[in-house]
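Biologist: I would like a close look at a single part of this model, followed by a connected account of another element for context.

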Amino acid sequence: MRAMFPPMSHECGMVFGPRCVRAGTIMMADPTPFAQILIVEDIPATRQWLTTLAQSAFPDAGIYQAGDLRTARAWFDARGAELAQTAALVDLGLPDGSGIDLIREVRSSHPEVRLIVSTIYDDDAALMGAM
């Protein structure tokens with residue numbers, strides 16, 4: 001499976017945690033691996049594609065999936081303090097609310113988690129809210 005990403009201003013096409021993805025190729029940018037990655041995406045085909053990409057980039061990480069905010073929040077609650085070396089790839093448009101709310105909650109309660117925004121939104125207002 002080849003994935004095409006728009007060109008970015010840096011050498012990598014898309015930063016994915018400590019690694020970069022460009023035209024479907026994984027390149028190391030930082031040797032620190034993730035122990036677990038949560039994919040928060042409501043569209044099943046997209047969620048599976050992102051899971052496959054994460055498994056390819058981080059073969060030793062546990063990859064988990066959530067299709068909505070409720071499931072993602074429950075996943076974080078179940079892990080408590082066990083979130084070192086954790087990343088969450090969060091879609092902004094979810095059926096039960098905004099991924100921005102999840103990003104704010106996780107950033108506040110678990111600042112060690114790396115949060116990565118995944119969205120189809122292309123307007124600056126939606127994207128800036130996630131930052």
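Which residues of helix 1 are buried?

Modeller: This is a predicted model, in which local features need pLDDT of at least 70 and side-chain atom pairs count only at pLDDT 80 or more, whereas totals for chains, interfaces and linings use all residues. Residues are numbered from 1 along each chain as its sequence is written, and side-chain values use heavy atoms, leaving out hydrogens and water.

The buried residues of helix 1 are Arg 47, Leu 50, Thr 51, Leu 53, Ala 54 and Ala 57 (buried: under 20% relative accessible area, exposed: over 50%, with a 1.4 Å probe and protein chains only). Seen down the helix axis, these buried residues fall within an arc of 165 degrees (taken from the directions from the axis to the C-beta atoms), so they line one face of helix 1. The face turned away from that buried side carries the exposed residues Pro 44 and Ala 45. Helix 1 comprises 14 residues, 44-57, and its first and last C-alpha atoms lie 20 Å apart, close to the 20 Å expected at 1.5 Å a residue.

Turning to strand 6, residues 86-91, six of its six residues are buried, so this strand is largely enclosed by the rest of the structure. Thr 86, Ala 88 and Val 90 point one way from strand 6, while Ala 87, Leu 89 and Asp 91 point the other way. Strand 6 pairs in the parallel sense with strand 4, residues 36-40, over five bridges (pairing requires at least two DSSP bridges), and there Ala 88 stands opposite Leu 38. Strand 6 also pairs with strand 9 in the parallel sense over five bridges, where Val 90 has Val 117 as its bridge partner.

Notes:
Helices (H or I, at least four residues) and strands (E, at least two) are DSSP runs, numbered from the N terminus. The expected span of a helix is 1.5 Å times one less than its number of residues.
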